[in-house]
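Could you walk me through this structure?

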Amino acid sequence: MSFSFTDFPADRDDLRSDVLAGLAAVPKAIPPKYFYDEQGCRLFEAICAQPEYALCRTERALMAARLPAIAAAVGPVDCIVEPGAGECAKVRLLLDALRPAHLVCLDIAGAPLAAAAQALSRDYPELAVTALGMDFIHDLEAAAPHLPAGRRLVYYPGSSIGNFPPDAAADLLGRFRRLAGAEGRLLIGFDLKKDPLRLHAAYNDAAGVTAAFNLNLLHRLNRELGADFEPGRFRHYAFYNPVAGRVEMHLVSLAEQDVRVAGQRFHFALGETLHTEHSYKFGCDEFSALARSAGWQLANEWQHDGFAVQLYGSIV
Ligand code: AVJ
C-alpha cells in the first residue's frame, strides 16, 4: 500500500484576495470553488441525496451500467488523475474496471481529501495513491511532477466543468490535455440541457439543502475572514437561464446593508445580488465542439436520463 498527501497551503491566501476582489466587482460575485469548506462538502453530499437533484445518482447509474463498455473504450491506463476528487467515491468503479497502478487525486478541500484518499488506499492495497490538496483551477500544473510516466486518464466527473463559463471551460480542458500528455485520455461527465422546470427544482430542493449550501458561503466568510454577514438577510435565489444555458445561483440582499469583510466595508442595496455559481448545461455536440477547441477528439459517448459521459483522446 502506498499513500502520500501533499498540501499546497499557499492557496489559502487566495480566499481573502478573491473575496475582496469579488465583492468590489459589479455585480458582486464569489467563485463557486469557495463553497467547499468541510461544511460545504457535507452539504454538497446532502444535495446529492435530495430527490430533486438527480445529477449524482444518474451519473452513478450510467457509470455502473456502462462500465464494461467504458473500460473497453478507455483501454489500458497506468494512471488515473481526478481533479476535484472530493470523497474519492466515484473513481472506485473505474479503479475496479481499469486496474491502473496509480491514482492521483486533487481537491481544494485538502483535509477531507487526505482522509478519503487514505481510506481508499486501504481498500486498494496494490494501488499507489497520491493526494494533492490544491486549488487545481489555479495550480493544476503543480500536479505534473507528481504524475508517473505512462498512459494517463484524466477523470472529471460530476458536471463540475459546468461551473466554468465556456472560455474558462475550454482553457481548463486544454490544461487537462497538456497534463494528460499526447497519449492521454479524458473521461468527463456533464449535465445535459433539459426541461427547465426539472433544472429549476434541482437547485431549489424542498428541504432547503441547496439554500443552506449557498448560504454556507457567508458563514464560511464569517468564520475564516472575520466577516459579519447576517445570512438571514440574504435569499438563496437559483434559476435556469435558457438564453445562457445555465443555472445561476445568487444570494440576494433582502435589505440595504453594510458588511465588513477582512477589515473592508461593502454596501449592499436592497435586492442587490452576490452571484455565487453558474452551472452550465450542454448538448452533446455543443460539448464536443468545446472540447475540440481545447485539442480533444471525441472517441465515445454515453447518455442516461439527461446526463452524458464522453471519452476523448488528443487530436493528432
Ligand atoms: C458539483 C458543480 C456539479 O453545479 O450542479 C449543486 C454544484 N450547486 N447544487 C452543480 C451544485 C448547487 C454542482 N456541481
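**Cysteines, ligand and a strand residue**

Cysteine 48 and cysteine 56 are joined in a disulfide, with 2.3 Å between their sulfur atoms. Keep in mind that we're looking at a predicted model here. That bond is the 1 disulfide that turns up when the whole structure is searched. Both partners are tucked away from the surface: cysteine 48 is buried, and cysteine 56 is buried too.

What about cysteine 79? Cysteine 79 takes part in no disulfide, and the nearest cysteine sulfur, belonging to cysteine 105, sits 10 Å off. Cysteine 79 counts as buried because its relative accessible area is 0%, and the cut-off for buried is under 20%. Cysteine 88 isn't in a disulfide either; for this residue the nearest cysteine sulfur is again that of cysteine 105, 3.9 Å away.

Now for the ligand. Which residues come closest to the ligand? The shell holds 14 residues, and the closest are Tyr53, Gly158, Tyr203, Glu277 and Ser279. Three of these put polar side-chain atoms by the ligand. Tyrosine 53 has a polar side-chain atom 2.5 Å from a ligand oxygen, and in serine 279 an N or O atom of the side chain is 2.6 Å from an oxygen atom of the ligand. Glutamate 277 goes for a nitrogen instead, with a polar side-chain atom 2.7 Å from a nitrogen atom of the ligand. On its own the ligand has 360 Å² of accessible area, and the protein covers 98% of that. Helix H2 (38-48), helix H9 (209-225) and strand E12 (273-280) are the elements that each give two or more residues to the shell. Sorted by class, the shell has 7 nonpolar, 6 polar and 1 charged residues.

Last stop: isoleucine 188, which you'll find in strand E7, spanning residues 185-191. Is isoleucine 188 buried or exposed? Isoleucine 188 is buried, because its relative accessibility is 1%. Setting aside neighbours within four places in sequence, isoleucine 188 is in contact with Tyr156, Ile161, Leu173, Phe287, Ala308, Val309, Gln310 and Tyr312.

Technical notes:
Residues are numbered from 1 along each chain as its sequence is written. This is a predicted model: local features need pLDDT of at least 70, side-chain atom pairs count only at pLDDT 80 or more; totals for chains, interfaces and linings use all residues. Side-chain values use heavy atoms; hydrogens and water are left out. Helices (H or I, at least four residues) and strands (E, at least two) are DSSP runs, numbered from the N terminus. Buried means under 20% relative accessible area, exposed over 50%, partly exposed in between (1.4 Å probe, protein chains only). Contact means heavy atoms within 4.5 Å. A residue is near a molecule or strand if one of its heavy atoms lies within 4 Å of it. A polar contact is a pair of N or O atoms within 3.5 Å; within protein, one must be able to donate a hydrogen and the other to accept it, and residues adjacent in sequence count only if both atoms are side-chain atoms. Accessible areas come from the Shrake-Rupley method with a 1.4 Å probe; for residues, only the protein chains shown count as cover. Ala, Val, Leu, Ile, Met, Phe, Trp, Tyr, Cys and Pro count as nonpolar, Asp, Glu, Lys and Arg as charged, and the others, Gly among them, as polar. A disulfide is a pair of cysteine sulfur atoms within 2.5 Å.
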